[in-house]
Amino acid sequence: MRKAFLVAIVCALVALTAPIWSLGQPAAPPAAQRPMFATTKVEGTDNVYVFRYGNHQSMFVTTSEGVIATDPIGYGRPQAVKTYVDEIKKVTDKPIKYLIYSHQHFDHIAGGQPFKDAGATIIAHKRAKERLVVLKDPATVLPDETMDKKRTIKLGGTTLELTYVGLNHSDSTIVMRLPKEKVLFAVDFLPVGTVPGRGMLDFYPLEAEDSIKQVLAMDWDKLIPGHPGPGDRLGTKKDVQDQLAFLHDASEAVKAVAREGKCWEPAEKELKLPKYESWPGYETNLPFVIRRYCALWGRGF
Ligand SMILES: [Zn+2]
């Protein structure tokens, strides 16, 4: 009896202290509450899908001439990529023509070999390829083609516009927009309704705000994020405006304390942004945000 009680206490503690998901991304519901993966058609479209595996997700588009897929999301889990390809085959018998990398981070682009084997042409931003060539990650397939500012893919009556909007969460992020369907796929630099976390590590704080404004000026209604939003919902322009406001507020708050000599500590320990305390990830992720802005305003980088 007593032992059972202790076990229950330990389990409860483990549950309470369980870390936020990989790379400081927003908390998702516990895995036990939902299946490991899901494929969902985007509401209001005939051919746009979200493939989620764990706490990562990608967009794929089916057309009469083939499939345009994005991010294999197979970092440390090749089974996710096999599942992804199988899920595509369940909704279409057309070949996979393209695989587009959103940015260079391995948690999104590792594991693409099954797509390559299926005949897909892999496209990434030129900076992503430059890094991948140096890093030689055995699990990550090098892009076949690269782009710089803009590229448009037309396949089977569908148009997908790829745009580089400058430095933000990485220096190689491509924003993907379906003009007809008004759907946008943008990974990691526009979390939906959540506080960004460890991803702030190589974030470009000044340039990101300009990047986000470019996204707001584009014509779209639904944002598919690279990590599921709260309740797996998609994002809206309001979410993007809120994220921009959050970054701006965080930046201004850290700037003030940095100029009082409070970076890195005590800023990381003491600074709060109560306006955002209801956002998922607030407690765990805020120190990463402060650390990044401390680097900017307290250090000059
Ligand atoms: Zn990333």
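Student: Which residue does the disulfide join to C263?
Tutor: This is a predicted model. Two sulfur atoms count as a disulfide when they lie within 2.5 Å. Here the S to S distance is 1.9 Å. The partner of C263 is C294.

Student: How many residues apart are C263 and C294?
Tutor: C263 sits in the loop between helix 7 (237–258) and helix 8 (267–270). C294 is in helix 9 (residues 282–299). The pair links distant parts of the chain, 31 residues apart.

Student: Is the disulfide of C263 and C294 left-handed or right-handed?
Tutor: Look at the torsion about the S-S bond. It is about -75 degrees, so the disulfide is left-handed.

Student: Is C294 buried or exposed?
Tutor: Start with C263, which has a relative accessible area of 23% and is partly exposed. Buried means under 20%. C294 has a relative accessible area of 1%, so C294 is buried.

Student: Which residues are the protein donors of the zinc ion?
Tutor: The donors lie 2.1 to 2.2 Å from the zinc ion. In sequence they are spaced H-x1-H-x63-H-x18-D. They are H103 (NE2), H105 (ND1), H169 (NE2) and D188 (OD).

Student: How many residues apart in sequence are the parts that H103 and D188 tie together?
Tutor: H103 lies in the loop between strand 5 (96–100) and helix 3 (106–109). D188 lies in the loop between strand 11 (183–186) and helix 6 (205–216). H103 is buried at 0% relative accessibility, and D188 is buried at 10%. The parts that H103 and D188 tie together are 85 residues apart.

Student: What is the arrangement of the 4 donor atoms around the zinc ion?
Tutor: Four donors count as tetrahedral if all angles lie between 85 and 135 degrees. The angles here are 89 to 170 degrees. That makes the arrangement irregular.

Student: What is the volume of the largest cavity?
Tutor: There are 2 cavities of 30 Å³ or more. The largest is lined by 12 residues. Among them are H169 and D188, which are also zinc donors. The volume of the largest cavity is about 90 Å³.

Student: How many residues of that cavity's lining are charged?
Tutor: The lining divides by residue type. There are 6 nonpolar and 5 polar residues. The charged count is 1.

Student: How far apart in space are K82 and Q113?
Tutor: K82 is found in helix 2 (residues 78–91). K82 is exposed, with a relative accessible area of 54%. K82 and Q113 are 31 residues apart in sequence. C-alpha to C-alpha, K82 and Q113 are apart by 9.5 Å.

Technical notes:
Residues are numbered from 1 along each chain as its sequence is written. This is a predicted model: local features need pLDDT of at least 70, side-chain atom pairs count only at pLDDT 80 or more; totals for chains, interfaces and linings use all residues. Side-chain values use heavy atoms; hydrogens and water are left out. Donors are N, O and S atoms within 2.8 Å of the metal (3.2 Å for Na, K and Ca); water is not among the atoms, so sites may look incomplete. Four donors count as tetrahedral if all angles lie between 85 and 135 degrees; four count as square planar and six as octahedral if opposite donors are over 155 degrees apart and all others between 65 and 115; anything else is irregular. Helices (H or I, at least four residues) and strands (E, at least two) are DSSP runs, numbered from the N terminus. Buried means under 20% relative accessible area, exposed over 50%, partly exposed in between (1.4 Å probe, protein chains only). On a 1 Å grid over the protein atoms alone, a cavity is a set of points where a 1.4 Å probe fits but cannot get out, and a pocket is an open set with protein on both sides within 12 Å along at least five of seven lines; lining residues have an atom within 4 Å of a point. Grid points are joined across faces, edges and corners, and a volume is the space filled by probe spheres set on the points. Ala, Val, Leu, Ile, Met, Phe, Trp, Tyr, Cys and Pro count as nonpolar, Asp, Glu, Lys and Arg as charged, and the others, Gly among them, as polar.
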